[in-house]
Amino acid sequence: MNEPVIDLTAISAVVFDTDGVVTDTARGHAAAWKHVFDAFLRGRSAPFDIRGDYLRHVDGRPRLDGIRTFLASRGLSVPEGSPDDEPGAPTVHGLGLAKDRVFMEQVDKYGVAAFPATVALLHELRHRGARTAAVSASLHGRRLVGSAGVMHLFDLMVDGNDAALLNLPGTPDPALFLEAARRLDLPAAKVAVAVSALPAIEAVGKGGFGLVVVVEEDRAAVPDLGAIEVRGRVLPLTS
């Protein structure tokens, strides 16, 4: 199998999805979703599968879209509600607020870690003059990347706040990634993208990007980006 090559004569920037690629937050997200969904599903349906349900229906999607998609997979629906709902109320917004509260409690207690393999690649790309950007569907994207101590390794970030302000659709639409390319003032063909979540993989496949690097979905260990060749130098990025 050929290793991915970032040819900086053809690629001018690399856009990184955050969860599962830059920050080790996917397991925290999954645990928060299970806590919230299991409470809601009691007496209605089987418990939330922290791996299967998370990867198929929630991972990589905007929070409210993930709730709608998962509940639909169980033949369930709840009213939309509003942002003023009580966290945990049986509405889309209520469940979303509960998940947000549980997840951010974890972040405040344990912090956020960045994957060393990704940090090594970011340093090498910037050393060689490539531009970098981060993309997150989360409203807390900037806070999470900042907490991981790697915000300085990105020229810019597009997160859920930008999506709400600009009315950008979430994945599997490529809008967030294309917005990052636009802010870098580059056509998609000059941009490489590193992604992990299935909706993000689908999204970037539609975006016409110059290179797509897919991180393994297995979150049991640090994702292995393999050996990314940058201008002829092979970087060992396994942990």
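This is a predicted model: local features need pLDDT of at least 70, side-chain atom pairs count only at pLDDT 80 or more; totals for chains, interfaces and linings use all residues.
Me: Which residues is Thr23 in contact with, leaving aside its neighbours within four places in sequence?
Reply: Start with the term: contact means heavy atoms within 4.5 Å. By that rule Thr23 meets Thr18, Val112, Ala113, Ala114, Phe115, Leu144, Val145 and Ala148, once neighbours within four places in sequence are set aside. Residues are numbered from 1 along each chain as its sequence is written, and side-chain values use heavy atoms, with hydrogens and water left out.

Me: Is Thr23 buried or exposed?
Reply: Thr23 has a value of 1%, so Thr23 is buried. To find Thr23 in the model, look at the loop between β2 (13-17) and α1. Helices (H or I, at least four residues) and strands (E, at least two) are DSSP runs, numbered from the N terminus. The protein has 9 helices and 8 strands. Of its 239 residues, 51% count as buried.

Me: Where is Thr9 found, and why does Thr9 count as exposed?
Reply: Thr9 sits in the loop between β1 (5-6) and β2. Thr9 counts as exposed because its relative accessibility is 64%.

Me: What does Val191 touch?
Reply: Val191 belongs to strand β5 (residues 191-195). Not counting residues up to four places away in sequence, Val191 touches Ile11, Ala13, Val15, Ala181, Leu186, Phe209, Gly210 and Leu211. With 0% relative accessibility, Val191 is therefore counted as buried.

Me: What does Asp155 touch?
Reply: Asp155 is in the loop between α6 (141-147) and β4. Beyond residues up to four places away in sequence, Asp155 touches Arg126, Arg131, Thr132 and Leu184. Its relative accessible area is 36%, so Asp155 is partly exposed.

Me: Which residues touch the most other members of the largest nonpolar core?
Reply: Here is the general idea: in soluble globular proteins, nonpolar side chains tend to be buried together. A nonpolar core is a set of buried Ala, Val, Leu, Ile, Met, Phe, Trp, Tyr and Cys residues joined through side-chain atoms within 4.5 Å. In this model the largest core has 49 residues, and Phe16 and Phe37 touch the most other members. Helix α1 gives the largest share of this core, 8 residues. A second, separate core has 21 residues, including Ala133, Ala200, Val204 and Phe209. Back at Phe37, the residues touched beyond four places in sequence are Phe48, Val58, Ile67, Phe70, Leu71 and Leu95.

Me: Where is the peptide bond cis?
Reply: Look at the bond from Thr171 to Pro172, which is cis, with omega near 20 degrees. Pro172 lies in the loop between α7 and α8. That loop is also the place of Asn167. Asn167 has a positive phi of about 60 degrees although it is not a glycine.

Me: Where in the protein is confidence lowest, and where is it highest?
Reply: The average pLDDT here is 88, and 89% of the residues score at least 70. Confidence is lowest in strand β8 (residues 233-236), with a mean of 39, and highest in strand β4 (residues 156-158), at 98. Over residues 231-239 the pLDDT is below 50, and this stretch has 25 contacts in the model beyond near neighbours in sequence. Residues 219-227 also stay under 50, and the model gives them 28 contacts beyond four places in sequence.

Technical notes. Buried means under 20% relative accessible area, exposed over 50%, partly exposed in between (1.4 Å probe, protein chains only). pLDDT is the predictor's confidence in each residue, from 0 to 100.
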